[in-house]
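Here are some notes to read beside the model.

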Amino acid sequence: MKVVGLTGGIATGKSTSEKILEELGAYVIDADKVVHALYEKEDVLEEVKKHFPQAFEDGKLDKKKLANIVFKDDEKRKILESIIHPKVNQEIENWIKKVKEKDPDALVIVSVPLMIETGSYKKYDTVILIYAPKELQIKRLLEKGFTEEEALSRIKAQMDIEDKKNYATYIINNSGTIEDLRKQLEELYKKLMEGV
């Protein structure tokens, strides 16, 4: 089994890349989806509420409010990360174990947006970076309905995409069409499968 880290910046095309890699036959787990599942758990919600009561509306977590709070304040973001990251890591470890039991020859992709920022990229011998230049990230976020301020605060909360290149084993440039992206990922998938 080969376990590979996948990362990128906001709006660089990680989700699309994950779908393509899954179609090719890789097992993919997305840390963002794990986080959303954790927000359904009572004990996690209680802990978040203790630190971020203003992110709750009628007893329910408003994820957009929470995002706006933590993307504007580094200290608050660190508090949220200290609650969530250890739980996410545990869920991912459990999932990898299950995949290994089911398919010892699997290619496993662990997608974590903040893999480099948190240092968790060190767990993986191979790190794939889904890259798009900052101007394109902003353009894509504006098209998704973000304001320019929201787009910039989310991009600023992550390490500069150009700096992330220094940590990557493979860089997939997602500045072109979806066909270009698919072609690059197909070639990379073949290369990675040779090492499984």
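The points below take the pocket, then the cavities, then the rings.

1. Basis. This is a predicted model, in which local features need pLDDT of at least 70 and side-chain atom pairs count only at pLDDT 80 or more, while totals for chains, interfaces and linings use all residues. Residues are numbered from 1 along each chain as its sequence is written, and side-chain values use heavy atoms, with hydrogens and water left out.

2. Largest pocket. The volume of the largest pocket is about 1400 Å³. On a 1 Å grid over the protein atoms alone, a pocket is an open set of points with protein on both sides within 12 Å along at least five of seven lines, a cavity is a set where a 1.4 Å probe fits but cannot get out, and lining residues have an atom within 4 Å of a point. Grid points are joined across faces, edges and corners, and a volume is the space filled by probe spheres set on them.

3. Pocket lining. Of the 45 lining residues, Ile10, Asp32, Phe71, Pro113 and Gln158 lie nearest the centre of the largest pocket. H5 gives the largest share of this lining, 7 residues; helices (H or I, at least four residues) and strands (E, at least two) are DSSP runs numbered from the N terminus. By class there are 20 nonpolar, 14 polar and 11 charged residues. Ala, Val, Leu, Ile, Met, Phe, Trp, Tyr, Cys and Pro count as nonpolar, Asp, Glu, Lys and Arg as charged, and the others, Gly among them, as polar.

4. Cavities. There are 2 cavities of 30 Å³ or more. The largest cavity holds about 50 Å³, and its lining includes Asn89, Glu93 and Tyr124. H5 supplies the largest share of that lining, 3 residues. The second largest cavity, of about 40 Å³, has Gly9, Gln137 and Lys164 among its lining residues.

5. Tyr121 is buried at 18% relative accessible area, whereas Tyr167 is partly exposed at 34%; buried means under 20%, exposed over 50%, and partly exposed in between (1.4 Å probe, protein chains only).

6. Charges over rings. Lys64 lies over the face of Phe146, 5.8 Å from the ring centre. Lys165 lies over the face of Tyr131, at 4.3 Å. The test requires NZ of Lys or CZ of Arg within 6 Å of the ring centre and within 35 degrees of the ring normal.
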